[in-house]
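Subject: A structure for you to look at

Hi there,

I hope your first term is going well. Here is the structure I promised to pass on; have a look at it first, and then read my notes.

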Amino acid sequence: MLLAIAALIGGLILLVWSADKFVDGAAGTAAHAGMPPLLIGMVIVGFGTSAPEMVVSALAAMEGNPSLALGNAYGSNISNIALILGVVAVISPIAINSAVLRKELPVLTVITLLAGYQLMDGQISRLDAWILIGLLAALMGWSIYSAMTGKGDVLGGEVETELAEHPLPLKMALFWLVVGLILLVVSSRALVWGAVFIAQSLGVSDLIIGLTIVAIGTSLPELASSIAAVRKNEHDIAFGNVLGSNLFNTLGVVGIAGAISPMAVEQDVLIRDWSLMMGLTLILFVMGYGLWGRKGHVTRSNGIGLLIVYVAYMAYLASTVLKAV
C-alpha cells in the first residue's frame, strides 16, 4: 500500500511538472514554426493542458480500467469550472474579452448535451467514441480556421505577450516537447497503477477515484497556468485554459478511452456527475455572455459560489464512499 501511495503522489507531482514543460515546449516550437499567437493560445495551450487527462485515461483504458478514464474526464471538467475558475476568480475577478472564446461557449454546451445523450443507454460504445473523436477533429479544424482569421483578438495579444516574456530557443523548446511527453507517459503510468491499487485495496470504485484524486491531480496544470495568467492580467488565457480543457476532455479524453475499450457506465454518472457538469457548463455560458450581471465577467462572488458547489460535491462523493465501506 505504501508503494502505491508513493506512486500516486510521485506520479501526480511529476505529471504536473512534465505537463507544464510539455506545454512550454509545444508553444515554443509552434512559435518558432511561425504559428500565429491566437492559434497557439487556442490549440497548443488550450488543448495542451489536457495532455495529462488524455494520457492517464488512455493508459487506464488499455489496462482495463475504463471507469477510471471516464471519471478522470468528467471529474476534471467539474474541477476546471468549480475549483479552478472558482479559485482564480476569488484571487482576481475574470474579465472575458475574447470574441473567439465566447464563440466556443455554445459549442461546449452542445457537446456536453451530446455526452449526456450518449450516457442514456448505460454505455460508451466504440461508435460513440469515434463520433466524439470525429467531432474533436472538426473542432480542431474550426479552431485553426478561427485562429488564422481572428486577427486582433484579445487572446492572441495575451499569448504573444507571454511568449515574448518567456522566449525559448528552438533546441530547448524541442527538448522539453519530447522530454515532457515521455515524462507525461511515465508519471501517468505510475499514477494509474497507484490509484487502481489503492481503490481495490479500500473497496472504492475506479470511477470515484477518477472523479476525485486523479481528476484533481490532472487538473493541476490548468490551475497553475490559470493563476499565473490572471496575476499578469491575462484573463482570457485563464478562461481559455478551462474552456479548451473541457472541450478536449469531453471529446478527446472520453473518445480515445472509449475507442480503446468500450465501457459500461453506471447510472450515477448520468444522474450525479454529468448533471453537475452540465449545470456548471450552463453557468459558464451565462457568465460568459453576461445573461446576469456584467457581460463576460466571473466575479469574486461567482468564484465563491463555484467553490461552495465543488466542496459540496466532494463531500457527497466522500459520503458515498463511507457508506460503501
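This is a predicted model: local features need pLDDT of at least 70, side-chain atom pairs count only at pLDDT 80 or more; totals for chains, interfaces and linings use all residues.

**A cavity and its lining**

Searching the whole structure gave 2 cavities of 30 Å³ or more. The second largest cavity holds about 40 Å³ of space. Around it you will find P66, S67, L70, L207, M263, A264, V265, E266 and V269. Two elements each give two or more residues to this lining: α4, which covers 66-91, and β3, which covers 263-264. The biggest share comes from α4, with 3 residues. Sorted by class, the lining of the second largest cavity has 7 nonpolar residues, 1 polar and 1 charged.

Now follow α4 to where it meets helix α9, residues 206-231; their axes come within 6 Å and cross at roughly 35°. The crossing of α4 with α9 is right-handed. In the contact of these two helices, 15 residues are nonpolar, 11 are polar and 2 are charged.

**Helix α8**

How far does α8 reach from its first C-alpha to its last? Helix α8 runs over residues 170-202, 33 residues in total, and spans 47 Å, close to the 48 Å expected at 1.5 Å a residue.

Happy exploring, and do write back with any questions!

Best wishes

Note on methods: Residues are numbered from 1 along each chain as its sequence is written. Side-chain values use heavy atoms; hydrogens and water are left out. On a 1 Å grid over the protein atoms alone, a cavity is a set of points where a 1.4 Å probe fits but cannot get out, and a pocket is an open set with protein on both sides within 12 Å along at least five of seven lines; lining residues have an atom within 4 Å of a point. Grid points are joined across faces, edges and corners, and a volume is the space filled by probe spheres set on the points. Helices (H or I, at least four residues) and strands (E, at least two) are DSSP runs, numbered from the N terminus. Ala, Val, Leu, Ile, Met, Phe, Trp, Tyr, Cys and Pro count as nonpolar, Asp, Glu, Lys and Arg as charged, and the others, Gly among them, as polar. Axes are lines fitted to C-alpha atoms, for helices over the stretch in contact, and angles run from 0 to 180 degrees between N-to-C directions. A crossing is left-handed if the near helix is turned anticlockwise from the far one by less than a right angle, and right-handed if clockwise. The expected span of a helix is 1.5 Å times one less than its number of residues.
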